[in-house]
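Please read it with the structure open beside you.

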Amino acid sequence: KWPHEHWDHWMRDNTQRRNRDSIFPEVPRDYHAGRKGTFMDEYHHNRYFKDIDYNTDPSFRWAD
């Protein structure tokens, strides 16, 4: 049932979610860099990605 592409849009679709909440990781596993593109515009960027921070410190290491 998983789509071959654009799974993030598929997950947000209420037909798929059926009014359930989605849990997103506290630490993002990827980096979203664009506000404009084939599948991105200012509205969706601001709605889903604007407030997600990412680490810019190359010396950062997770504690054991």
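A residue is called buried under 20% relative accessible area and exposed over 50%, with partly exposed in between. Phenylalanine 60, with a relative accessible area of 38%, is therefore partly exposed.

1. Confidence. This is a predicted model, so a word on pLDDT comes before the details. The chain has a mean pLDDT of 79, and 86% of its residues reach 70 or more. Confidence is lowest in H1, with a mean of 80, and highest in H3, at 87. Where pLDDT is low, the predicted coordinates should not be read in detail.

2. Overall layout. Three helices and zero strands make up the elements of the chain, and from the N terminus they run α-α-α. H1 covers 7–12, H2 takes in residues 14–17, and H3 spans 42–48.

3. Surface. How much of the chain is buried? Buried residues account for 5% of the 64 residues.

4. Glutamine 16. This residue belongs to helix H2. Is glutamine 16 buried or exposed? Its relative accessible area is 17%, and because the cut-off for buried is under 20%, glutamine 16 counts as buried. Leaving aside residues up to four places away in sequence, glutamine 16 touches Lys1 and Trp10.

5. Histidine 45. You will find histidine 45 in helix H3. With a relative accessible area of 7%, histidine 45 is also under the 20% cut-off and so is buried. Histidine 45 and alanine 33 are twelve residues apart in sequence, and their C-alpha atoms are 9.6 Å apart in space.

6. Aromatic pairs. How many aromatic pairs does a search of the whole structure find? There are two. In one of them, the rings of tryptophan 2 and tryptophan 10 have centres 4.9 Å apart, and because their planes stand at 50°, the pair is tilted. Tryptophan 2 itself is exposed, at a relative accessible area of 58%. Phenylalanine 60 and tryptophan 62 form an edge-to-face pair, 5.2 Å from centre to centre with 80° between the planes. Within that pair, phenylalanine 60 is partly exposed at 38%, whereas tryptophan 62 is exposed, with a relative accessibility of 65%.

7. A charge over a ring. Which ring does the charged end of arginine 12 sit over? That ring belongs to tyrosine 48, and the charged end lies 3.9 Å from the ring centre. Arginine 12 falls in helix H1 (7–12), and tyrosine 48 falls in helix H3 (42–48).

8. Histidine 6 is not a glycine, yet has a positive phi of about 55°. Histidine 6 lies in the segment before helix H1 and is partly exposed, with a relative accessible area of 30%. Asparagine 19 also has a positive phi, near 65°. Asparagine 19 sits in the loop between H2 and helix H3. Its relative accessibility is 65%, and because that is over 50%, asparagine 19 counts as exposed.

Technical notes. Residues numbered from 1 in each chain as written. Predicted model: local features only at pLDDT ≥ 70, side-chain atom pairs only at ≥ 80, totals over all residues. Heavy atoms only, no water. Helix = DSSP H or I, 4+ residues; strand = E, 2+ residues; numbered from the N terminus. Buried < 20%, exposed > 50% of the residue type's maximum accessible area, 1.4 Å probe, protein only. Contact = heavy atoms within 4.5 Å. Phe/Tyr/Trp six-rings, centres within 6.5 Å; stacked < 30°, edge-to-face > 60°. Lys NZ or Arg CZ within 6 Å of the ring centre and 35° of its normal. pLDDT = per-residue confidence, 0-100.
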